[in-house]
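Work through the exercises below with the sequence and the coordinates at hand. Each task is followed by a stepwise solution.

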Amino acid sequence: MAYNSSILLIFKLLILQYLSVLCVSQDNFDFFYFVQQWPGAYCDTKQHRCCYPKTGKPAADFGIHGMWPNYNDGSWPSNCDPDSVFSVHEISDLMGRLQKEWPSLSCPSSNGNRFWSHEWEKHGTCSEQQLDQHDYFEAGLKLKEKANLLNVLRTAGIEPNDNFYSLEKIEDAITEGIGHAPGIECNKDSEGNSQLYQVYLCVDTSGSDFIDCPKLPRGRCATNVQFAKF
């Protein structure tokens, strides 16, 4: 009987050890992908419908998609803490800025809460040892302001006017303006043209500073891509 109790105790200890290692590994990530999307490309594609937020059509500017913890090998953690649910009350002072800078264009039209809830629960919970819910969303807002991506492109003569620009020129402009090479993701418009869709920048684990990307995502882009009007 004592032998069986010892075996059971060892088994329980092994389970606890495994769970503790799992939790630590999920919270230990190497960098963030800070992802911004161009609304003109989101709304001009056959891949999904586009619905403006309940606050109205967003400004013609890049919007935040998310800030995603990643590992150097290209994998990523997700949904790290099911007990840490999104709460509007935690970010009430950021609401006006989030609606402007981090809008949802998915359908049906919404106030953004579902989108932000998804981003926090899937991605933000994996960095909550570094950033609580308020800090996570505030960090994203500060990074967008710091990058000023549309201004960076316009300074290089790249305008959202439905013209085509070389992918190399876009990458070089962002590298010069931000100081670090971006990852570029494209989608196809309703006529099948490759268009600038999302820009990935890498950020340190504090969510404060841009860094060189340990691994750049591979976007399916043509040599020349369209910068759609919005």
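**Exercise 1.** Does Cys-80 count as buried or exposed, and at what relative accessibility?

Solution. The model is predicted, so local features need pLDDT of at least 70 and side-chain atom pairs count only at pLDDT 80 or more, while totals for chains, interfaces and linings use all residues. Residues are numbered from 1 along each chain as its sequence is written, and side-chain values use heavy atoms, with hydrogens and water left out.

Step 1. Apply the classes: buried means under 20% relative accessible area, exposed over 50%, and partly exposed in between (1.4 Å probe, protein chains only).
Step 2. Cys-80 has 13% relative accessibility and therefore counts as buried.

**Exercise 2.** Find the disulfide that joins Cys-80 to its partner, and describe the torsion and location of the pair.

Step 1. A disulfide is taken as a pair of cysteine sulfur atoms within 2.5 Å. Cys-80 is joined to Cys-126, S to S 2.0 Å.
Step 2. The torsion about the S-S bond of Cys-80 and Cys-126 is about 95 degrees, so this disulfide is right-handed.
Step 3. Cys-80 sits in the loop between S2 and H3 and Cys-126 in the loop between H4 and helix H5 (133–147), so the pair links distant parts of the chain, 46 residues apart.Step 4. Helices (H or I, at least four residues) and strands (E, at least two) are DSSP runs, numbered from the N terminus.
Step 5. At 0% relative accessibility, Cys-126 counts as buried.

**Exercise 3.** Which handedness does the disulfide of Cys-51 and Cys-107 have, and which parts does the pair tie together?

Step 1. The sulfur atoms of Cys-51 and Cys-107 are 2.0 Å apart.
Step 2. With a torsion of about 100 degrees about the S-S bond of Cys-51 and Cys-107, the disulfide is right-handed.
Step 3. Cys-51 lies in the loop between helix H2 (39–43) and strand S2 (63–70), and Cys-107 in the loop between helix H3 (95–101) and helix H4 (113–122), so the pair ties together parts that are 56 residues apart in sequence.
Step 4. Cys-51, at 15% relative accessibility, is buried, whereas Cys-107, at 24%, is partly exposed.

**Exercise 4.** State how many disulfides the structure holds and their pattern.

Step 1. There are 5 disulfides.
Step 2. Counting bonded cysteines along the chain, the pattern is 1-2, 3-5, 4-6, 7-10, 8-9.

**Exercise 5.** Check the span of helix H7 and locate its buried side.

Step 1. The expected span is 1.5 Å times one less than the number of residues. For the 12 residues of H7 (residues 167–178) this gives 16 Å, and the end C-alpha atoms are 16 Å apart, which agrees.
Step 2. The buried residues of H7 are Leu-167, Ile-170, Ala-173, Ile-174 and Ile-178.
Step 3. These residues cover an arc of only 130 degrees around the axis, which puts them on the same side of H7; the arc is that of the directions from the helix axis to the C-beta atoms.
Step 4. Exposed Glu-168 and Glu-176 are on the face of H7 turned away from its buried side.
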